[in-house]
Amino acid sequence: MSMTVATEQIDRIVWNQHQDPFEVLGPHLLEQNGKGAKWAVRAYLPNADAVVVILPEKRKEYPMQSVHHPHFFECTIETPELANYQLRIKEGDHERVIYDPYAFRSPVLTDFDIHLFAEGNHHRIYEKMGSHVTEVNGVKGVYFAVWAPNARNVSLLGDFNYWDGRQHQMRKFGNGVWDLFIPGLGYGEHYKYEIKNWDGHIYEKSDPYGFYQEVRPKTASIVANLDSYKWNDADWMEQRRHTDLLTQPISVYECHLGSWMHASSAEPAKLPNGEEEPVVIAAELNPGARFLTYRELAAKLIPYVKNLGFTHIELLPVAEHPFDGSWGYQVTGFYAPTSRFGSPEDFMYFVDQCHLNGIGVIVDWVPGHFPKDGHGLAFFDGTHLYEHADPRKGEHKGWGTLVFNYGRNEVRNFLVANAVFWFDKYHIDGFRVDAVASMLYLNYCRPDGQWVANDYGGCENIEAADFIRQTNHVLFSYFPGILSIAEESTSWPMVTWPTYVGGLGFNLKWDMGWMHDVLDYFHMDPWFRQFHQNNITFAMWYHHSENFMLALSHDEVVHGKSPMIGKMPGDRWQKFANVRALSTLMWAHPGKKTIFMGMELAQWSEWNVWGDLDWQLLHHEPHQQMQKFFKDLNELYRGEPALYTADAGFDGFEWIDCNDNSHSIVSFIRRAKDSDEYVVVVCNFTPQPHSHYRVGVPDHGFYTELFNSDAGQYGGSNMGNLGGKWSDEWWYHNRAYSIDLCLPPLAVLILKLDREKTAAALQAAEETLNAEVSAE
């Protein structure tokens, strides 16, 4: 038969150089008249020996002929309409029947999708980009779309085509998006994109919008269904929408899922249907252990955190990453929860179970940088697509990672939509945004001469700041009641102010200054603390400028910094006492709370990403007592509105005395919002007890000792005030009343006016007085 297409066009298909294979392949109308139409059907099938076109409805077959190339096939068919035909392909002794991908020409992505994506405002672009099981013209398959504007051509690779990039060449259309619908595929298919640049170099890339990925070290993306899970947290989600978290108690248990606890590799994990899940070995350094799955973690971690009284679990990044030792902070799959612990549906189950147990889920999010791994975003389409081309802007040399180009609309859209995605599909309750300072400053960790100033000559990354504002604005518009927490270590202004007044739009910021000052203070021998009282008091000078979270995170217990108890001076008893005093101060101080896993055990070793927490310590009484201490501290915190409702307000905190540096003692009042409830906090940061230490108080009455970090049940010396103290009409600390306290060593006391007991005592006294008057 004669060719119906130019040889040059066929060659471009055969050499995999065509940007729109639909121009050549699939059905093409040759003639049309009143009686019917004549069609040419073309297919390029590199492994085929023979191909037949089948018209199932008409029960007709049309053998195809090789044209110009032994694997380029063509035939002509006379029929009024040609749709949903099939190809019967003979490959050696094997035959298969497929629908022709190039017969499905209409893209799932609309012009409006492309328009929004190009301007950076398609907040749910993940519903169109990536891989999606869908139905086109009544035929089910998978639609693939990827953004690679500078590629010469793009193909799909997968088990479905023997990882041969010649077979499923994609089409380029609006704004550099490439797409293809492959009929007959479904969930579970493994795939990658084969991308060629204009020099012919080939890059095999995971899907930037892929929802699931093979377990490392494999890197293929997997077609996944994110709509199959049946959520049970409607009540939680509805309540969250109407909650102002700034007035709620927030105590966060920061956790790295891969090193909280392992299971034996000999112990198979069970899937919901009872089948065994493949074992994922934890690490080469620990070959006898495997990771717990998301479902196993739901059964073990959630009850543990709930029993300790924490309100939230914060997960170190769960987005897919190739190297266990990166802790998750070098992300290659921004839209995929890591497959180390199970499937996307398994992670949904974990979040769902958290909500059913009254626990919120915060996920660490890393929009500041990404690694250079070949299958990831780096040099994605043969050019610096997601990152800046200039290494002075596009690379963190100290981290060996690349920096997103926030000025490119499509890159910004990728990240903004990614933020929406985790809240939308996984019902998470908050982000802790990693390394915000590295995004905001162009000279972050860069020597002079190795960074590029902004258009105004400054070091501020204006594009990154705009991206952060956009992200927070979008998140709070869609998901009221969530948390957006900045790990920001500089004095950048208005981090937690609303975007409409020029703020970055977070609602909490880690107080890194408080953390450094307090850890330095507690690291000192107590005798020297008298000269550094400012370490304890300075945070209140700037506290009302932002909404703060106090955090003792994973960064403080690695890389030779010592575990928390190891930072403390003195003998063993004093080390435990110091940790209790520090923690009680933290819970009593304005600001929400975060501690890293293991601190509740008083671990003696640094966090080891390859191992477990030192669970064996719980065989020893001091560590059991420390665990109970944190449980009781959380119970107190959640039960006392004065400790959390006015964290950010001017009227929520009041010094009683911050000047007794000679004794290293501070005292203050925490007040509840819109209430007359308050607690008195007195801190003694030396091993010297004080049997008569007077503290001014606002009102006359009985002050119950709510909490004593030196209590015997926590391993303390059990000094205290026998349940509480009555105030005296003794002017002190510029107050009409005061209480005479016994201050235990290295301890913090929290006291509260017992209004009922006070009223009852005053009434009894008045009745006694009246009786005496009557008797006279």
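This is a predicted model: local features need pLDDT of at least 70, side-chain atom pairs count only at pLDDT 80 or more; totals for chains, interfaces and linings use all residues.
Reader: Why is Met-129 called buried?

Author: Buried means under 20% relative accessible area. Met-129 has a relative accessible area of 0%, and therefore Met-129 counts as buried.

Reader: Where does Met-129 lie, and which residues does Met-129 touch?

Author: Met-129 belongs to the loop between α2 (111-119) and β9 (130-136). Leaving aside residues up to four places away in sequence, Met-129 touches Leu-109, Phe-117, Ala-145, Val-146, Trp-147, Val-177 and Tyr-209. Leu-109 is 20 residues from Met-129 in sequence, and their C-alpha atoms are 8.0 Å apart in space.

Reader: How do you know that the length of helix α11 agrees with its number of residues?

Author: The expected span is 1.5 Å times one less than the number of residues. For the 12 residues of α11 (residues 512-523) this gives 16 Å, and the end C-alpha atoms are 16 Å apart, so the two values agree.

Reader: Which residues of α11 are buried, and what do they pack against?

Author: The buried residues are Met-512, Trp-514, Met-515, Val-518, Leu-519, Tyr-521 and Phe-522. They pack against several elements, among them β31 (508-510), β32 (548-552) and α14 (572-588).

Reader: What makes strand β17 mostly covered?

Author: In β17 (residues 251-255), 5 of the 5 residues are buried. Ser-251, Tyr-253 and Cys-255 point one way, Val-252 and Glu-254 point the other way, and all are buried.

Reader: What is noted about the backbone at Pro-217, Trp-327 and Ser-562?

Author: Most residues other than glycine have a negative phi, and most peptide bonds are trans. The peptide bond from Arg-216 to Pro-217 is cis, with omega near 10°. Trp-327 has a positive phi near 65°, and Ser-562 has a positive phi of about 85°.

Reader: Why do Trp-327 and Ser-562 count as buried?

Author: The cut-off is under 20% relative accessible area. Trp-327 is at 12% relative accessibility, so Trp-327 counts as buried. Ser-562 is at 18%, so Ser-562 also counts as buried. Trp-327 is found in the loop between β24 (319-320) and β25 (333-337), and Ser-562 in the loop between β32 and α14.

Reader: How many aromatic pairs are there, and why is the pair of Phe-404 and Phe-414 called tilted?

Author: The count comes to 67 aromatic pairs. For Phe-404 and Phe-414 the angle between the planes is 35° and the centres are 6.5 Å apart. Planes under 30 degrees apart count as stacked and over 60 as edge-to-face, so this pair falls into the remaining class, tilted. Phe-404 lies in the loop between β28 (401-402) and α8 (409-426) and Phe-414 in helix α8, so the pair ties together parts that are 10 residues apart in sequence.

Reader: What makes the pair of Tyr-637 and Tyr-644 edge-to-face?

Author: Their planes are 75° apart, with 5.9 Å centre to centre. The edge-to-face class requires over 60 degrees, and therefore the pair belongs to that class. Both Tyr-637 and Tyr-644 are buried.

Note on methods: Residues are numbered from 1 along each chain as its sequence is written. Side-chain values use heavy atoms; hydrogens and water are left out. Helices (H or I, at least four residues) and strands (E, at least two) are DSSP runs, numbered from the N terminus. Buried means under 20% relative accessible area, exposed over 50%, partly exposed in between (1.4 Å probe, protein chains only). Contact means heavy atoms within 4.5 Å. Rings of Phe, Tyr and Trp (its six-membered ring) pair if their centres lie within 6.5 Å; planes under 30 degrees apart count as stacked, over 60 as edge-to-face and the rest as tilted.
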